[in-house]
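Notebook open, one chain to go through.

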Amino acid sequence: MTTSAQTAQTTTLSYADDGRSLTFTAGGQDIASYTYRPTDEQYESPRPFFHPLTTLEGDEVTISRPWDHVWHKGLSWALPNVGEHNFWGGATYTRETGYANLDNNGAMNHEAFSYIEESASTITAAEDLLWTSQPTEPGQQGTPLIREQRRFAIQLLPSGNSWALLFETEMTNVSGAEIGLGSPTTEGRDNAGYGGLFWRGPRSFTGGEFRSEAGTGADEFMGTRSPWIAFTGQHDVTCRKSTVMFVEDQSNAGAPNQWFARSSMFACLGSAPFFSEVVPLKVGEPLKYRYAVVISAGDIDADSASALAGAARDALDGWA
């Protein structure tokens, strides 16, 4: 009989690059796609994103361009209040205007992959990006604001039914002036502190369950702080369950930071280091954030969640 541990040891990773996106496979099955040259409209704040993401059993755990928020893109690094600019997409919330279309939707522009390294259990990509403001004329590039050095890895975990997406970003201000990183909550809207590494789940995950060290629940997890948080939802068609877990590197500034967590309206979860306080991005003082996002087949209980979070922490620690 083949155990899940044996399966994890014998499964190998590979990737393909079509000039627009990277596709990662495990044992011959696609598990992740990273679109680094998006074709989205300026209003959606074009940026690289991961979609689809699937379990090793093939169940898809992301949605992209849902009709209610077309700027939600699977899993992506997205910030709504970057000074006067919007790198989230859609309308911008400010104290003066509420939600309004302000012609301030910037773009995170892929410049190059500095390297892509492969092993049997891990593939790591390093990417250079330039964040620019919304251009004044179509077809032009906006003003450079932030240079980002991004790394991410696809890594198989010891358990045969889970894998981790490791994510690291270092943002350097090139605008010439301090930029405040905030959220609608820092602009006065209660419990709307979204902005960071953000995941949007399938429609069928609506009403699913969050779990952290504090226990289980739903929307009451909005704004809470914990080293890790997980969401379990159920799929249409297969009727199987899957779990998405976020683990924050505790070296992040402000860790443990707040989580943006929603279940009842739709399933979403995000790191939110700018939830309730503006974080200054100063010239000459880069900001770095690191996370592990675990994609696991099935439900989890307290013990398996703790074990999964431990495996993700080990993966982050070993990914220097």
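**Confidence.** pLDDT is the predictor's confidence in each residue, on a scale from 0 to 100. I'm working on a predicted model, where local features need pLDDT of at least 70, side-chain atom pairs count only at pLDDT 80 or more, and totals for chains, interfaces and linings use all residues. Housekeeping: residues are numbered from 1 along each chain as its sequence is written, and side-chain values use heavy atoms, with hydrogens and water left out.

I looked up the mean pLDDT of the chain and got 95, with 97% of its residues at 70 or more. Where in the chain is confidence lowest? I find it in helix α1 (residues 4-10), at a mean of 45, while strand β14 (residues 196-200) has the highest, at 99. Helices (H or I, at least four residues) and strands (E, at least two) are DSSP runs here, numbered from the N terminus. Residues 1-9 have pLDDT below 50, and I note twelve contacts in the model for this stretch beyond near neighbours in sequence. A contact means heavy atoms within 4.5 Å.

**Cis peptides.** I noted a cis bond between H51 and P52, with omega about -5 degrees. P52 sits in strand β4 (residues 49-53). For exposure I use these cut-offs: buried is under 20% relative accessible area, exposed is over 50%, and partly exposed is in between (1.4 Å probe, protein chains only). P52 has 29% relative accessibility, so I log it as partly exposed. Setting aside neighbours within four places in sequence, I see P52 in contact with I31, A32, S33, E60 and T62. I also took the C-alpha to C-alpha distance from P52 to K73: 9.4 Å, at 21 residues apart in sequence.

I have another cis bond from A255 to P256, omega near -5 degrees. P256 lies in the loop between β18 (241-248) and β19 (258-262).

**Positive phi.** R65 is not a glycine, yet I read a positive phi of about 55 degrees for it. R65 falls in the loop between β4 and β5 (75-82). Its relative accessible area is 42%, so R65 goes down as partly exposed.

D103, also a residue other than glycine, has phi near 55 degrees, a positive value. I place D103 in the loop between β8 (98-100) and β9 (107-118). Is D103 buried or exposed? It is exposed, because its relative accessible area is 62%.

**Single residues.** G142 is in the loop between β10 (122-132) and β11 (144-156). I get a relative accessible area of 12% for G142, so it counts as buried. Not counting residues up to four places away in sequence, G142 touches T132, S133, Q134 and P135. G106, 36 residues away along the chain, has its C-alpha 7.6 Å from that of G142.

I then went to D17, in strand β1 (residues 13-17). D17 is partly exposed because its relative accessibility is 43%. Its contacts, leaving out residues up to four places away in sequence, are L22 and Y36.

S296 is in strand β22 (residues 287-297). With 4% relative accessibility, S296 counts as buried. What does S296 contact, aside from neighbours within four places in sequence? I list T55, N161, S162, S242, T243 and L308.

**Cores.** A nonpolar core is a set of buried Ala, Val, Leu, Ile, Met, Phe, Trp, Tyr and Cys residues joined through side-chain atoms within 4.5 Å. The largest one has 54 residues, and I note that W77, F152, L165 and F246 touch the most other members. Apart from it I find another core of 18 residues, including M245, V247, A309 and A315.

**Pocket.** A pocket is an open set of points on a 1 Å grid over the protein atoms alone, where a 1.4 Å probe fits, with protein on both sides within 12 Å along at least five of seven lines; lining residues have an atom within 4 Å of a point. Its volume is the space filled by probe spheres set on the points. For the largest pocket I have about 270 Å³. It is lined by 17 residues, and H69, Y99, R189, Y194 and R262 are the closest to its centre. I sorted the lining into eleven nonpolar, four polar and two charged residues. Here Ala, Val, Leu, Ile, Met, Phe, Trp, Tyr, Cys and Pro count as nonpolar, Asp, Glu, Lys and Arg as charged, and the others, Gly among them, as polar.
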